[in-house]
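Biologist: I would like to learn how to read the features of a model like this one, beginning with the way its parts are named. Could we go through them in turn?

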Amino acid sequence: MVTVGTVSPAVLLVSPGVIRPTDVDFGLPHLVSLGGYLKERLGARVEILDLGYEGSDPGELTRSLAELGPFLLIGISCYSSFDVLRVISVGRFLKTLYPRVPLVVGGYHPSALPMDLLFDGSPFNAVIPGEGEAALAEVVTTLLGGSQLERRVYAKEVVGDLDSLPEYHWELLDRYWTRAHDLGRKLQIYLSRGCPYRCTFCMERAKSGYGWRAFSPARAVGELARLAKKTNLSRWIVNIADPLFGHHRLWRREVLEGILKAGLVPRQFWTLTRTDDLDEEDVRLLAAARFSIGIGLESGSMAMLEIMHKGNQPGRYLAAVERLAVASRKHGLNWAANVIVGHPGETMATLDE
């Protein structure tokens, strides 16, 4: 890597923070994964900056950036439409400070609507849709080779084999680990990506398509074990923030049994899953491993479930939720349901239902 003085120019990965930091997860596993990929594949120096944890004063932020620089590339994560204006504002601020440093953006919203971030006058040089590891490495390789970054939207890519990715480089968050418990109520990690379902309101397909991919069970348990070496899990609610935890029954059970065998039991696990394939043994294992689960119930109206594409047979879908309610009382599993009110097609009759 080309150096300036004695310091290699860094790839800076920026989280713009959240609007209301009242229930924030600590971890940024998506940026940790991207950064670890660049470190291992290219030997790049990577820095992560979370603006939710930094001082809001521009002068203070400018000084923090100067300490982390110089920069080869800056990438900003843009989660949803709620973040677009803030991300553009942050991009303009960074472009003012570092006009010669290329600026890229990725995440769910840029994956769905890339030109919302690459309009005329945008501070961004390129948009990286999809899961980003390979495209971001291509960008860094281009810059290291001395070439200019082309203004464009890169091809959307997903990682087919998650075990091919480097282990999480949690040291990339060393800037924040000493304050981790003050900064986040839950500790976040991903063990799988994607979701095969086609719920009309979900943004997952914009980024990851319809293929569910996961670390192998041994790798998944190993990542939790490595996280336990970085921090005391017993003090945390660990949010396995997968779009759909445990889509495959065998994988789900091997991971849960592996967690129990290794004693990797935090204060609580939290994750999102579906009831379609959960039976009593799954509920027992989830409860034993100290999981609480979130379920996308969405509506009690079969008409609305059809509109939302929640399963091919809405009646069976609702029956599965009722079975979960019975089994969870028996085994002591805590669960919560998300409900959408006012989805297109909603009427007073479906709302009452």
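Predicted model: local features only at pLDDT ≥ 70, side-chain atom pairs only at ≥ 80, totals over all residues.

Biologist: How many helices and strands does the protein chain have, and what does its radius of gyration say about the fold?

Modeller: The protein chain contains 14 helices and 14 strands. For 353 residues, a compact globule would have a radius of gyration near 20 Å, and the 21 Å of the protein chain agrees with that. Along the principal axes, the C-alpha trace spans about 65 × 45 × 35 Å. Of the 353 residues, 51% count as buried, and among contacts with a separation of 6 or more, 75% are accounted for by residues 24 or more positions apart.

Biologist: What should I note about the accessible surface and the charged side chains?

Modeller: The accessible surface of the protein chain comes to about 16200 Å², and 53% of this area belongs to carbon and sulfur atoms. As for charge, there are 39 positive and 40 negative side chains, and the centres of the two sets lie 2 Å apart.

Biologist: Turning to the backbone, which peptide bond is cis, and which residues other than glycine have a positive phi?

Modeller: The general idea is that most residues other than glycine have a negative phi, and most peptide bonds are trans. Here the peptide bond from G69 to P70 is cis, with omega near 0°, and P70 has its place in the loop between α2 (58-68) and β4 (71-77). Among residues with a positive phi is L28, which is not a glycine and has a value of about 45°; L28 lies in the loop between β2 (25-26) and α1 (29-42). Another is H309, whose phi is near 60°, and H309 is found in the loop between α12 (302-308) and α13 (314-331).

Biologist: Where do L28 and H309 stand in terms of relative accessible area?

Modeller: L28 has a relative accessible area of 10% and is therefore buried, whereas H309, with a relative accessible area of 46%, is partly exposed.

Biologist: Finally, how many disulfides does a search of the whole structure find?

Modeller: A disulfide is a covalent bond between the sulfur atoms of two cysteines. The search of the whole structure finds zero disulfides. C78 is in no disulfide, and its nearest cysteine sulfur, that of C202, is 16 Å away. C199 is likewise in no disulfide, although the nearest cysteine sulfur, again that of C202, is 6.3 Å away; the cut-off for such a pair is within 2.5 Å.

Biologist: Are C78 and C199 buried or exposed?

Modeller: C78 counts as buried because its relative accessibility is 0%, and C199 is buried with a relative accessible area of 9%.

Methods
Residues numbered from 1 in each chain as written. Heavy atoms only, no water. Buried < 20%, exposed > 50% of the residue type's maximum accessible area, 1.4 Å probe, protein only. Helix = DSSP H or I, 4+ residues; strand = E, 2+ residues; numbered from the N terminus. Rg over C-alpha atoms; globule rule 2.2 N^0.38 Å. Contact = heavy atoms within 4.5 Å. Areas by Shrake-Rupley, 256 points an atom, 1.4 Å probe, with all protein chains shown as cover. Lys, Arg positive; Asp, Glu negative; His and termini not counted. Charge placed at Lys NZ, Arg CZ, Asp CG, Glu CD.
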